Amino acid sequence: MALTIVVLSPGGAGNSPGGAGREGELSLTLDAPRIILGRAEGCEVRLPDTSVSPRHASIRQRGATYLLLDEGSENGTFLGKTRIAPRTAMPLRTGDRIRIGRVWLALRIEPAVPKASPAAAAKELALELVARGLAAQGEDPTPRVVVVDGPDRGRALHVEAPGRPYFVGRAQDADLTLDDPDVSRRHVAITRRGDQFSVQDLGSRSGASLDGAPVPQFDTIWRPGQVLAISADRLVFEHPAAEALAEIERSPCEPLPADAAVEPPSAEEPSAASSAPSSSPTSTPTPSPASASTLSPLARPAAAAPRVAQGGGWGFTEALIALLALGVLALSIAGLMWLLGRG
């Protein structure tokens with residue numbers, strides 16, 4: 001059985017992304033004995049939010065069972081609304097929700113096959129989360145190639161689809177059309193894979209170069225900061241989401257207030273399967289007497305106060321009146337017995 005992790009309230013750009021117009025379930029399907037959740041590169045689930053520790057939590061497989069552990073995180077790991085103790089394994093079941101920092105995740109344990117390598121899938125998820133965050137802030141997160149100098153200065157090509165070659169040249173049907181007469185109809189092809197760009201010469205008349213080195217007629221890595229020269233035009237690529245992701249991963253962990261209320265993203269309660277095995281998945285566990293004793297002095301009276309009956313039970317006033325009535329009745333009976341005894 002594989003584990004599918006769905007991001008419900010994604011983090012990104014230091015906060016919570018979720019821009020309109022970028023819809024679809026954000027999830028990863030993994031089948032591994034150990035899955036690390038955190039903010040750092042190398043985690044199987046990369047969550048770009050500064051409230052998430054670099055290595056925040058892990059999910060470990062033991063036979064058909066998955067176990068959740070906190071890896072000593074700054075802001076804790078929650079199963080439903082219950083914080084789990086560090087290094088303590090809590091069993092998971094399908095439908096459970098967990099919180100990592102301020103990011104909520106939903107779990108599905110189901111027969112499934114991962115569709116991509118774990119590292120590539122983790123990076124794509126992180127980039128999409130950051131892209132949604134940038135879009136929510138009104139920024140354009142789309143990877144793009146920009147002509148920064150030359151006769152076609154200011155023109156740009158959005159490289160949205162990963163793995164697809166985008167053609168640059170003088171042809172009107174090129175993805176990026178350049179007007180320089182020395183440019184071939186199809187001069188170069190540019191491809192993006194994740195946050196990495198590559199360029200290939202298509203047999204052009206005048207060729208192309210990266211920082212002065214000729215571009216060969218096969219895919220060549222186009223590194224950040226390198227300038228692609230096509231005749232008199234100079235091009236660079238920009239990947240706002242990748243730049244923001246790198247900044248988030250370098251940032252220190254943001255501590256959340258101890259009383260911070262991070263509610264699940266819908267009105268539906270998170271599963272309480274591990275904290276209350278006998279309760280239903282959508283119920284909120286009731287504190288036991290031992291846990292109630294740990295409440296603050298202000299909270300304890302409300303938690304331990306006697307219930308005032310509604311629609312049939314007795315409160316304090318009703319009980320006092322009943323006792324007085326019984327006392328009067330008892331005195332009346334005693335008086336009657338005394339009169340009968342005298343007769």
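Reply: Gladly! The secondary structure of this protein amounts to five helices and 22 strands. Please keep in mind that the model is predicted.

Me: What makes a residue count as buried here, and what percentage of the protein is buried?

Reply: A residue is called buried when its relative accessible area is under 20%. Of the 343 residues, 41% count as buried. As for the surface, the protein exposes about 18,400 Å², with carbon and sulfur atoms supplying 56% of it.

Me: Why is Arg193 called partly exposed?

Reply: Let's set the value against the cut-offs. Arg193 has a relative accessibility of 46%. Buried would need under 20% and exposed over 50%, so Arg193 falls in between and counts as partly exposed. You will find Arg193 in strand S16, which covers residues 188-193.

Me: How do you know what Arg193 is in contact with?

Reply: The test is heavy atoms within 4.5 Å. With neighbours within four places in sequence left aside, Arg193 is in contact with Gly163, Ser198 and Asp219. Take Gly163: 30 residues separate it from Arg193 in sequence, yet the C-alpha to C-alpha distance is 5.5 Å.

Me: What makes a group of residues a nonpolar core?

Reply: The members must be buried, belong to a set of residue types such as Val, Leu and Ile, and be joined through side-chain atoms within 4.5 Å. The largest nonpolar core has 28 residues, and those touching the most other members are Ile5, Leu37, Val45, Leu47, Ile59, Ile98 and Leu105. Strand S11 (residues 103-110) gives the most to this core, four residues. Apart from it lies another core of 21 residues, including Val147, Phe197, Val199 and Trp222. In soluble globular proteins, nonpolar side chains tend to be buried together.

Me: Which residues is Ile59 in contact with, leaving aside its neighbours within four places in sequence?

Reply: Among them are Leu3, Ile5, Pro33, Leu37, Tyr66, Leu92 and Ile98.

Me: Where is the second largest pocket, and what lines it?

Reply: This pocket holds about 250 Å³ of space. It is lined by 15 residues, and Asp195, Arg223, Pro224, Phe237 and His239 are the closest to its centre. Strands S17 (196-201), S20 (220-222) and S22 (233-238) and helix H2 (240-250) each give two or more residues to the lining. The largest share, three residues, comes from S22. By type, the lining divides into seven nonpolar, four polar and four charged residues.

Note on methods. Residues are numbered from 1 along each chain as its sequence is written. This is a predicted model: local features need pLDDT of at least 70, side-chain atom pairs count only at pLDDT 80 or more; totals for chains, interfaces and linings use all residues. Side-chain values use heavy atoms; hydrogens and water are left out. Buried means under 20% relative accessible area, exposed over 50%, partly exposed in between (1.4 Å probe, protein chains only). Accessible areas come from the Shrake-Rupley method with a 1.4 Å probe; for residues, only the protein chains shown count as cover. On a 1 Å grid over the protein atoms alone, a cavity is a set of points where a 1.4 Å probe fits but cannot get out, and a pocket is an open set with protein on both sides within 12 Å along at least five of seven lines; lining residues have an atom within 4 Å of a point. Grid points are joined across faces, edges and corners, and a volume is the space filled by probe spheres set on the points. Ala, Val, Leu, Ile, Met, Phe, Trp, Tyr, Cys and Pro count as nonpolar, Asp, Glu, Lys and Arg as charged, and the others, Gly among them, as polar.
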